[in-house]
Amino acid sequence: MSRDYAIFRTLGHHHPIRTEQHDSRWLNEPRFVHVQLIPESDNPEDDKIYFFFRENALDGEYSGKATYARIGQVCKNDFGGHRSLVNKWVTFLKARLLCSVPGLNGIDTHFDELQSVYLMNSKDPKNPFIYGIFTTSSNIFRGSAVCMYSMSDIRRVFLGPFAHREGPTYQWVPFQGRVPYPRPGTCPSNTFGGFQSTKDLPDDVITFARSHPAMYNSVLPINNRPIIIKTDVDYQFTQIVVDRVEAEDGQYNVMFIGTGNTSPPSLPPSLNPQALPSIPTPPP
């Protein structure tokens, strides 16, 4: 008997909303790490909820079995479709979070096991900086990394090409056809398109959203590489908290990272901070 994985919401007298059932294109054995509401504009109707998780790669994404880190989104005011995706998320989209190091011969070392996420607020509440702890999934090579992402890069990926399967090998390719209007993933509001409810969206938007929940492009970290890497040690990073401090030469973001080892032994692993060199605050 297969398991049923879901992003589920109950809201007062409204009917519960959830992801599509038993469809690995939506969720493929996910392990959720963090969830956060982030404003999209000055209009609260555009607010989106972002999910950070890891899951099994989709068929065709990888030749073997692999784990991918993901970021997903839904609109806060999503109440499902009218004739299709009834009581299901209409605005759900997901993209891969990439955290890797370029290697020799063009082969990158990937840190795909997302373990922890921390959002550092900026002057603009719509654009926090996102810190993620990643580890390797290989039994041969053990390592940890910290990657940092910007919301502008995340939004750019969600506005990019959708992942689509076609051709004789049935591989994932960027969708080249006509994307219906309003673009799937857009929140119903007066800001983008003028629709007042997801139940008012045209049928072709709902149909497209049901079959294209994933984006083709991946979200790359700032500067296209991790800001910290740790390998060849007998522990892995597990948790991260970031604090902004004032110094004589400006502001710095200081990371405190928990590891899988404890010192002293009585201290829980998640509370074992490892102070790392301060990182200058990125420009707003």
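Which residues is glycine 143 in contact with, leaving aside its neighbours within four places in sequence? Some notes follow, starting with that one.

1. Glycine 143 touches Phe111, Phe134, Thr135, Thr136, Lys230, Thr231 and Gln236, neighbours within four places in sequence left aside; contact here means heavy atoms within 4.5 Å. Its place is in strand E11 (residues 143-150). Glycine 143 is buried, at 1% relative accessibility. For these notes, buried means under 20% relative accessible area, exposed over 50%, and partly exposed in between (1.4 Å probe, protein chains only). From glycine 143 to aspartate 232 there are 89 residues in sequence, yet 6.9 Å in space, C-alpha to C-alpha.

2. A word on the model: it is predicted, with local features needing pLDDT of at least 70 and side-chain atom pairs counting only at pLDDT 80 or more, while totals for chains, interfaces and linings use all residues. Residues are numbered from 1 along each chain as its sequence is written, and side-chain values use heavy atoms, with hydrogens and water left out. Helices (H or I, at least four residues) and strands (E, at least two) are DSSP runs, numbered from the N terminus.

3. Now to the largest nonpolar core, which has 28 residues; Phe52, Ile71, Leu97, Phe134, Tyr149 and Ile154 touch the most other members. Such a core is a set of buried Ala, Val, Leu, Ile, Met, Phe, Trp, Tyr and Cys residues joined through side-chain atoms within 4.5 Å. Among the elements that each supply at least two residues of this core are strand E4 (48-56), strand E10 (129-135) and helix H1 (151-158). H1 gives the most, with four residues.

4. A second, separate core has 15 residues, including Ile49, Leu85, Trp89 and Val205. Val205 is also one of the buried residues of helix H2 (residues 203-211), along with Ile206, Phe208 and Ala209. Seen down the H2 axis, these buried residues fall within an arc of 165° and so line one face of the helix; the arc is that of the directions from the helix axis to the C-beta atoms.

5. The whole structure has 16 salt bridges, each a side-chain nitrogen of Lys or Arg within 4 Å of a carboxyl oxygen of Asp or Glu. In one of them, arginine 83 pairs with aspartate 203, the closest N and O atoms being 3.0 Å apart. Arginine 83 lies in the loop between E5 and E6 and aspartate 203 in helix H2, so the pair ties together parts 120 residues apart in sequence. Arginine 83 is exposed at 62%, whereas aspartate 203 is partly exposed at 41%.
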